[in-house]
Amino acid sequence: MTITLSVSPRFDERRLHHLCDTLEQKYIASGRLPHLQLLISADEQLLVRATMGSGRQDGSPLADNALYRIASMTKPITSVAFLILLERGQIGLDTPVADILPEFAQLNVAAETMSDGSFSLRPPASPMRMIDLLRHTSGLTYSFQQRSAIDQLYAERQLDTFQQKRSSDDYITALAEIPLEFSPGASWNYSVSTDVLGVVIERVSGESLDSFFERHIFGPLMMRDSFFQVPDDRIGRLTDAWMLDDTGEISLYDRGAHSRWRLPQKSWSGGGGLVSTAHDYHRFCQMLLRGGELDGARLLSPKTVALMTANHLPSGADLASISQSMFSESTNEGIGFGLGVAVTVDPARSLLPGSAGEYYWGGLLSTTFFIDPVERIIAILMTQVMPSSAFTIRRELKTLLYSSMIESRA
């Protein structure tokens, strides 16, 4: 394990060491995770950089500049791309999705599943709007929810894969053939909504999603190691990825040297397709913390970032009260949802230390980030084991980090 700690009058250095030692003992030494990287800053200064474990099955040490499949940590980036178009006046949060994706004009809601597997249908009580895609109130779903016959259809038709074997137009056509779980705006369900949002961005901008990201986000922010397809000259830095089976045994999911992320795709997943580094993602988070600007490159206005990170759930609800499904290891009480990120509304109800207004998200392979605009903290954790629901490391990271604080800005 390599650790770099910077002295800060706001944090106890011994407790920061304890944070790293605890995670190393509980997850790396025990074999529960093959590797782990932490990048934490406070007041825009490096606080903790820790790299531990093996990046490849052969036991080679994890590199400081390792590349990770960030899965759903792609979603905040796609949401920022949409907000760039919003600031240009090209689209609105209240724009009906069918205005851009006419394939969705005839969507119905599944009222009841019949004995033969068919559905009785009813029209939605309200149209799907762009805000429903951003906050996951669209009525779409993910197959891994494994709750309903609609989830099963998503699985059969492979509608929530990281790598797409069909064009974005074909993907939208396939989605439009399946009824919604509920009327848009009536509930919350984690879903392929952000993948649909990626197609919206392509059609409004006239650019492919990878081109839009590079020209309007990655290039301006100097995120040199973020992409949907890993270049040949950087495949050596992509870690192996693992998965847990039902018995808790770990096995290889995707070998870095021969990864499917090195291959071209017919379309790009705005909901989970990106590869990045801790350093690059920290720059993205810095831009948000600074109100939409970093090193002279302004992506968004401060008011738009404030809008993004407010709770947009209907009637100010939290996820625990409105969600049709749960995910990860979180209880989600006191947690709202903004435009592509979860938002802490009430830290006490979340049963974790933190600040009201903190926002965050994570990925299926157990990556996570959070930004605390009150304490001006950014924390990024990278690893590569799925599913994330098997671990409580995200909650432990927050607890250990805030317990290291000796001076609060609040």
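Glu103 is partly exposed, with a relative accessible area of 27%. That residue is a friendly way into this predicted model, in which the salt bridges come to a count of 22. The points below follow a few of them, then turn to a sheet and to some backbone angles.

**Salt bridges around Arg203**

- Glu103 and Arg203 form a salt bridge, with 2.7 Å between their closest N and O atoms.
- Glu103 sits in the loop between helix 3 (97-100) and strand 5 (109-113), while Arg203 belongs to helix 7 (residues 193-205), so this pair ties together parts that lie 100 residues apart in sequence.
- Arg203 is itself partly exposed, at a relative accessible area of 28%.
- Arg203 also forms a salt bridge with Asp169, where the closest N and O atoms are 2.9 Å apart.
- This second pair links distant parts of the chain, from Arg203 in helix 7 to Asp169 in helix 6 (residues 168-176), 34 residues apart.
- Asp169 counts as partly exposed because its relative accessibility is 40%.

- Asp318 and Arg349 meet through their side chains in a salt bridge of 2.7 Å, N to O.
- The two partners are 31 residues apart, with Asp318 in the loop between helix 10 (302-308) and helix 11 (319-322) and Arg349 in helix 12 (residues 347-350).
- Asp318 counts as buried at 7% relative accessibility, whereas Arg349 is partly exposed at 41%.

- An open sheet of three strands has the order 8-7-17, with mixed pairing.
- Strand 8 (250-254) and strand 17 are its edge strands, each pairing on one side only.
- Strand 7 (residues 241-244) runs antiparallel to strand 8, and four bridges join the two.
- Within this pairing, Ala241 stands opposite Asp254 of strand 8.

**Backbone details worth a look**

- Most residues other than glycine have a negative phi, and most peptide bonds are trans.
- Asp43 has a positive phi, near 55°, and is found in the loop between strand 2 (35-42) and strand 3 (45-53).
- The relative accessible area of Asp43 is 22%, which makes it partly exposed.
- Ala71 also has a positive phi, of about 45°, in the loop between strand 4 (68-69) and helix 2 (74-87).
- Ala71 counts as buried, at 1% relative accessibility.
- The peptide bond from Met386 to Pro387 is cis, with omega near 5°.
- Pro387 lies in the loop between strand 17 (385-386) and helix 13 (393-403).

Technical notes. Residues numbered from 1 in each chain as written. Predicted model: local features only at pLDDT ≥ 70, side-chain atom pairs only at ≥ 80, totals over all residues. Heavy atoms only, no water. Buried < 20%, exposed > 50% of the residue type's maximum accessible area, 1.4 Å probe, protein only. Pairing = 2+ DSSP bridges. Salt bridge = Lys/Arg side-chain N within 4 Å of Asp/Glu carboxyl O.
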